[in-house]
Amino acid sequence: MDHFNIIQALCRSALSNPSEAVLHQVNRLKQALDKDGKDKEVKIIDNLLKQVDKLVDMSPSKIQKSLIRFEGEELTHKTPLPVDKETSTPLAEIIFTDQLPTEPPIFDANIKVALNSIINEWLNFEKLKSIDAQPSRSCLIYGEPGTGKTHLALWIAKQMNTPVVLVRLDGLMSSFLGTTSRNIGNLFSFAAKYRCVLLLDEFDAIAKLRNDTQEVGEIKRVVNTLLQNLDSRKNTGFTIGITNHESLLDPAIWRRFEAQIEIPKPSFEVMYSILNKFLNTLSFNENELKFLSWCIEGASGADAESLSKWLKKSSVLNQQATLVDNVRRFAMLNSGRVNLKKRNILASSNDEDLINSLLNETTINFKQREIATLLNKNPSALSKHVSKSKRL
Ligand SMILES: Nc1ncnc2c1ncn2[C@@H]1O[C@H](COP(=O)(O)OP(=O)(O)O)[C@@H](O)[C@H]1O
Ligand SMILES: [Mg+2]
């Protein structure tokens with residue numbers, strides 16, 4: 001057949017990037033040749049089409065777009081994790097969407113507004129794209145330990161319906177310094193290949209390292225590698241950095257994050273809601289929750305969780321003990337969670353100090369009747385106590 005070698009070359013070239021239309025036309029050609037009894041040519045075209053099938057099997061079927069427009073291969077339980085070559089320990093952990101928290105941590109209204117605006121940008125990806133804009137691709141979350149930062153980052157990923165590649169940078173750094181840069185490079189390549197939210201937890205590890213070691217040159221290299229990798233990830237996926245010590249963070253790293261969210265320690269109202277959530281199985285009343293929030297004023301959400309666990313255990317193991325007794329014991333065993341002033345008040349063996357402190361509390365209003373109930377006292381006995389302390 002005349003010029004068939006040119007037709008064959010045309011087909012091969014078109015099929016290297018096959019669209020529906022190309023496949024349709026090449027199949028039409030095959031049928032036409034078949035009709036004319038050109039068996040040799042039919043076989044050649046058929047082979048070209050079979051190669052396309054193989055290609056399609058290897059890539060596009062595995063590459064999916066998420067609800068929220070991240071691209072890349074799908075992570076599975078079989079995906080090999082990047083490892084430290086020296087120690088063979090994995091450099092990251094994958095948290096799949098079904099393991100991500102469905103409930104956000106409890107924050108005050110300002111933080112909720114900031115978070116919603118980040119998530120909303122991604123939910124409106126198409127609209128933003130149509131005006132040549134794109135959502136923020138990176139976010140730094142900072143604040144004191146136990147304030148719910150890691151939980152928050154995982155919840156953001158849940159909202160984006162995307163698995164998390166979780167990297168604890170302190171783990172990464174503890175390996176031989178010389179291999180740290182290579183580990184960082186491997187990690188970012190891994191994150192670039194797969195559809196994921198890259199979560200860089202304990203980010204301050206790099207900064208701490210800078211103070212701890214003499215190997216200044218190597219540290220600079222590590223920071224530079226990190227900066228370069230963050231830059232090259234600017235248009236890929238979503239990256240969250242978390243740090244407990246934002247002041248230690250290199251300003252150049254700080255600037256790489258498009259959004260920055262500070263998570264403060266819970267206010268009294270937020271603490272009340274956190275305890276209310278964690279203690280929902282014990283049916284404490286408003287007065288009791290108010291007292292508990294007062295006791296751990298200035299503590300973190302994680303501390304509130306510890307107190308809640310303690311109270312749950314006590315409700316089974318120490319059924320005779322009053323709430324105040326239980327909190328007293330918790331305070332003595334958790335000096336890092338209950339501040340010194342509150343601990344001293346609770347430590348005193350008689351109830352005088354506690355009653356006076358609660359009565360004199362100005363921001364939270366405790367009524368005499370409420371204090372009496374908490375301490376299992378007769379309200380009139382408390383009134384006498386009040387008039388006596390006024391006389392003094
Ligand atoms: N504001 C909060 N609301 C609800 N739970 C909280 C809050 N802050 C902390 N927690 C709980 O405390 C625990 C530790 O939180 P985590 O996210 O690890 O804190 P961080 O990463 O800031 O150190 C988690 O179980 C989390 O659910
Ligand atoms: Mg954390």
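Helix 6 (149-159), strand 5 (238-243), helix 12 (268-278) and helix 14 (301-317) each contribute at least two residues to the lining of the largest pocket; helices (H or I, at least four residues) and strands (E, at least two) are DSSP runs numbered from the N terminus. The model is predicted, so local features need pLDDT of at least 70 and side-chain atom pairs pLDDT 80 or more, while totals for chains, interfaces and linings use all residues. Residues are numbered from 1 along each chain as its sequence is written, and side-chain values use heavy atoms, without hydrogens and water.

Helix 12 gives the most to this lining, with four residues. At least three lining residues come from each of domain 2 (93-263) and domain 3 (268-391), with bounds from an automatic or database domain assignment.

Turning to helix 10 (residues 216-232), Leu226 has its place there. Leu226 is buried, at 0% relative accessibility (buried means under 20% relative accessible area, with a 1.4 Å probe and protein chains only). Beyond neighbours within four places in sequence, Leu226 is in contact (heavy atoms within 4.5 Å) with Ile184, Phe188, Phe203, Ile206 and Ile253. Leu226 and Ile253 lie 27 residues apart in sequence, with 8.2 Å between their C-alpha atoms.

Terms used. Chains are lettered from A and ligands numbered from 1 in the order in which they are written. Buried means under 20% relative accessible area, exposed over 50%, partly exposed in between (1.4 Å probe, protein chains only).
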